[in-house]
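Good morning, colleagues. I would like to take a few minutes to go through one structure and the contacts between its chains. Please have the display open as I speak.

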Amino acid sequence: MLHQSFHELTIPTRGRGLYDFTDEVAGWVAKNNLKNGLVTLHLRHTSASLLIQENADPDVRRDLENFFARLVRDGDPLFVHTAEGDDDMPAHIRTALTTVNLSIPLHNGRLALGTWQGIYLWEHRRAAHSRRVALHFIGE
Amino acid sequence: MLHQSFHELTIPTRGRGLYDFTDEVAGWVAKNNLKNGLVTLHLRHTSASLLIQENADPDVRRDLENFFARLVRDGDPLFVHTAEGDDDMPAHIRTALTTVNLSIPLHNGRLALGTWQGIYLWEHRRAAHSRRVALHFIGE
Amino acid sequence: MLHQSFHELTIPTRGRGLYDFTDEVAGWVAKNNLKNGLVTLHLRHTSASLLIQENADPDVRRDLENFFARLVRDGDPLFVHTAEGDDDMPAHIRTALTTVNLSIPLHNGRLALGTWQGIYLWEHRRAAHSRRVALHFIGE
């Protein structure tokens, strides 16, 4: 019998970096006894992203962060939108280069993630934030 | 009672830049009395993208455009595919760096967008175009 | 009558480059007589991506590959995560800059792709790999 579920997660961040919240998503799936369907995550912000990435070696996250920091420089004189801080416009661009929504099949109660895939919130601002992710499920 | 709806929007552009069409999507949702489910948008082109971005300060869109124009230069001598104009290959790359589809939960008749999020068509070609976005809804 | 289907495709690659597998997706749709709904693809890896791009001129794929190879250089001294090869960290970054999941409406038995759009697996490692893509359909 097909049905839907909705939820909202709040992910606290301590500033720039990648935060694994795979367990929060899997926990919501388990608690609601969701088995087969499609799980969609939508991040309700424009200066942070969602990312599926390697969850093994923490150096991968460090290198990702350092690469993006070099590609999109804080305080780049190109930017006109600077009133909210010199990391604000870079945060918008980093968000545009990644994404704010993901849809992942759920089969036999398991998200179709690969062995090395984790679901991350990527905080792009230097300051700590509280980020909200809308969750949706349709299936059975 | 779960059901589906399909539609296609046509978005006229005046050349390179970001075009907010959140109201067109929300208008389709309201007109069809869609309440709870998943809204998917698929752009049927390879030289324009879909983007969820800040809808407050227009400088954010200007800085986004200028950053991408610097990152992917028109007429870069690296490019072999130049027959359709020196902005064509950059348009394909800008599309690859962003996305052509989005899935957004709809809850109580409202898209799960954050306060500052708008849905944009990003035209990457310098000339005016007419862009088609396939819409899909499943839910109740 | 709404229902779901699940499947997994295996895409063999011969190393870095774009592999069109639109026909494999369309073949699964036809074989299962799927007509109207939403098709979701999720790639179960962190060093390859999914991409919707131009399927006409092969120079587009060559230019895309060359642009990304210049943007994210193999062996960049910035990278700390090098144990799996000097193309491994670039592969993770190229994946972050693109995406690992896509959702495409299906209407009257046809994917809502534009005339020039193909569905590609983008292999980012230099060596040959076997890549797995989870497929999900919900609709009728």
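Predicted model: local features only at pLDDT ≥ 70, side-chain atom pairs only at ≥ 80, totals over all residues.

I begin with helix 3 of chain B, residues 88-97, which is mostly covered: 10 of its 10 residues are buried. The buried residues of this helix include D88(B), H92(B) and R94(B), as well as M89(B), I93(B) and L97(B). P90(B), A91(B), T95(B) and A96(B) are likewise buried.

Let me now turn to chain A itself. Chain A contains three helices and eight strands, and along the sequence these elements run in the order β-β-α-β-β-α-α-β-β-β-β. Taken along the principal axes, the box filled by the C-alpha atoms of chain A is roughly 55 × 30 × 20 Å. Of the 140 residues in chain A, 62% are buried. Among contacts in chain A between residues at least 6 apart in sequence, 82% join residues at least 24 apart.

Next, the interface with chain B. Here 31 residues of chain A are in contact with 35 residues of chain B. Between them, the two chains bury about 2,700 Å², of which 64% lies on carbon and sulfur atoms. On the chain A side, the residues that lose the most area to chain B are F6(A), L78(A) and A96(A), which together account for 19% of what that side buries.

What of the polar features across this interface? The rule finds one salt bridge between chain A and chain B, and it joins the side chains of D76(A) and R70(B), at 2.5 Å from N to O.

Which elements of chain A give two or more residues to the side that touches chain B? They are strand 1 (3-12), strand 3 (37-43), helix 3 (88-97), strand 5 (101-107) and strand 8 (130-139). Helix 3 of chain A gives the most to this side, with six residues. Sorted by class, the side of chain A that touches chain B comprises 16 nonpolar, 12 polar and three charged residues.

I now move to the interface with chain C. In this case 35 residues of chain A are in contact with 31 residues of chain C. The area buried between chain A and chain C is about 2,700 Å², and 64% of it is on carbon and sulfur atoms. The count of salt bridges between chain A and chain C is one: the side chains of R70(A) and D76(C) meet at 2.6 Å, N to O. There are 12 residue pairs in polar contact between these chains, both residues being at pLDDT 80 or more.

The elements of chain A that each supply at least two residues to the side touching chain C are strand 3, strand 4 (48-54), helix 2 (58-71), strand 5 and strand 8. Which helix of chain A gives the most to this side? Helix 2 does, with 10 residues. By class, the side of chain A that touches chain C has 18 nonpolar, 10 polar and seven charged residues.

To close, I return to the two leading elements: helix 3 of chain A gives the most to the side that touches chain B, while helix 2 of chain A gives the most to the side that touches chain C. Thank you for your attention.

Key. Residues numbered from 1 in each chain as written. Chains lettered and ligands numbered in written order. Heavy atoms only, no water. Contact = heavy atoms within 4.5 Å. Buried area = accessible area lost by both parts, 1.4 Å probe. Salt bridge = Lys/Arg side-chain N within 4 Å of Asp/Glu carboxyl O. Helix = DSSP H or I, 4+ residues; strand = E, 2+ residues; numbered from the N terminus. Nonpolar A, V, L, I, M, F, W, Y, C, P; charged D, E, K, R; others polar. Buried < 20%, exposed > 50% of the residue type's maximum accessible area, 1.4 Å probe, protein only. Polar contact = N/O pair within 3.5 Å; in protein donor to acceptor, adjacent residues only side chain to side chain.
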